Structure formats: C-alpha cells, structure tokens
Amino acid sequence: MSARGRRELTYAMLLCLAGAALALWAATRGWSVEVTARPAPLPPVRAARSGAALLPWLPALALVALAGGGAVLATRGRVRRLLGVLLGALGLAVAAGAAYGLVADLGGVVSRQWPALCLVGGLLVALGGGWTALRGGGWPAMGARYERPARTVTESNPTTATAAGPMAGRRTTEAWDALDRGEDPTAG
C-alpha cells in the first residue's frame, strides 16, 4: 500500500502542478486581437488582449492552484483532503473562466487555442484535487524530520515543557559559541 500511496500522491500532485502551470501560461497568451483602422497612410492599430486582461482573476486562481499542488505534498490526513476539495473548486473555477473565453464574443480576431488549453489545465487541476479529496487521507506524509521536535514535561514542574535532545536547556548564544569553537551543538 505504501508504494501505491506514494505513486497516487505523485500523480495527483503532478496533475495539479501541470494543470495549474498550463492554465497560468495559457491565460497570459493573446486570446483576441482587436484591429482598429486608421486613415490611409497610417497602418491599422492592433491591440492584443490576453486571458489575464479579459479575466483578471484567472491567472490568480491558477497561481493559487499551483501553490496548492505543492502543498499536497506537505499536508496529510484531513487537511490534505480539504486541500483536495479546495483544489477541485479552483480547477473548476479556472475551467469555467476558460470555457467563457471559448464561447464569449471577445471582439476582433479570436484565438480559441489558448482558452482551450486553459480549460484543459483547469480540468487537470480539478481532477488532481478530486483525487486528493477522495484518496489523499491515506497517502504517506513527509517524514518526521520535518516536524517540530517533541516537547516533554518535567516531573518537578508539569506545567513547563522543555524540548528533548542535546540542546535542552541551553541558550542560543551557547549554541553559536559551540559552533565558533568547531563543535556540533546538536551532538549529545
């Protein structure tokens, strides 16, 4: 189960990251070009509008989805499942904005490939988020070395907690002094 869980975690995270990056990239491309004619000796003026100019919230949502895709790795349990729900909603919102770009009359010459790629990216994020929401609670978490050290309660005073380990009870300046002497302050 551990290898399967790691594989599923990797796939879901990659779906979210790739979809969000694709949507962000496609939202910054030119979705329409408006051509304005000018008098005879002057050339026409071309004004390109990107998806970000048409829907300013679209790249912001894609950027949040990109960050959330990385956060899938750093979370676990219920928090990861809630993050999956959030990523699913973000992906659907990005896909809805891209779908609007596909069907709306944007004026001028319209390029439909960028909204279509943005739609695909949003759907990938929604798929990865949905997968995380359904199965993410059982996936492996980061190792304990990334956790805060455990706190122990002393017997003499149960209300005070001290960190266990070689640095227990030492001041920060003592640790820096030990480093200056070439000693390892974390070694017991």
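This is a predicted model: local features need pLDDT of at least 70, side-chain atom pairs count only at pLDDT 80 or more; totals for chains, interfaces and linings use all residues.
Which residues have the most contacts inside the largest nonpolar core?

Residues are numbered from 1 along each chain as its sequence is written, and side-chain values use heavy atoms, with hydrogens and water left out.

**View 1. An open sheet of three strands.** Here the strands follow the order β2-β1-β3 and pair in the antiparallel sense. Strands (E, at least two residues) and helices (H or I, at least four residues) are DSSP runs, numbered from the N terminus. Two strands pair if DSSP finds at least two bridges between them. The edge strands, β2 (45-50) and β3 (109-110), each pair on one side only. In general, strands of a sheet pair through backbone hydrogen bonds, either parallel or antiparallel.

**View 2. Strand β1 and its two partners.** Six bridges join β1 (residues 30-36) to β2. Look for glycine 30 opposite serine 50, and for threonine 36 opposite valine 45. Between β1 and β3 you will find two bridges.

**View 3. Serine 32, a residue of strand β1.** This serine stands opposite valine 110 in β3. Serine 32 counts as buried because its relative accessibility is 1%; buried means under 20% relative accessible area, exposed over 50%, and partly exposed in between (1.4 Å probe, protein chains only). Leaving aside neighbours within four places in sequence, its contacts (heavy atoms within 4.5 Å) include Ala47, Leu54, Leu106 and Val109.

**View 4. The largest nonpolar core, with 13 residues.** A nonpolar core is a set of buried Ala, Val, Leu, Ile, Met, Phe, Trp, Tyr and Cys residues joined through side-chain atoms within 4.5 Å. To answer the opening question, Ala23, Trp31, Leu58, Val94 and Cys118 have the most contacts inside this core. Helices α1 (2-27), α3 (57-74), α4 (77-103) and α5 (113-135) each supply at least two of its residues, and α1 gives the most, with three. Not counting residues up to four places away in sequence, valine 94 touches Ala23, Leu58, Leu61, Ala62, Cys118 and Gly122.

**View 5. A second, separate core of 11 residues.** Among its members are Cys16, Ala20, Leu90 and Trp139. Cysteine 16 is buried, with a relative accessible area of 0%.
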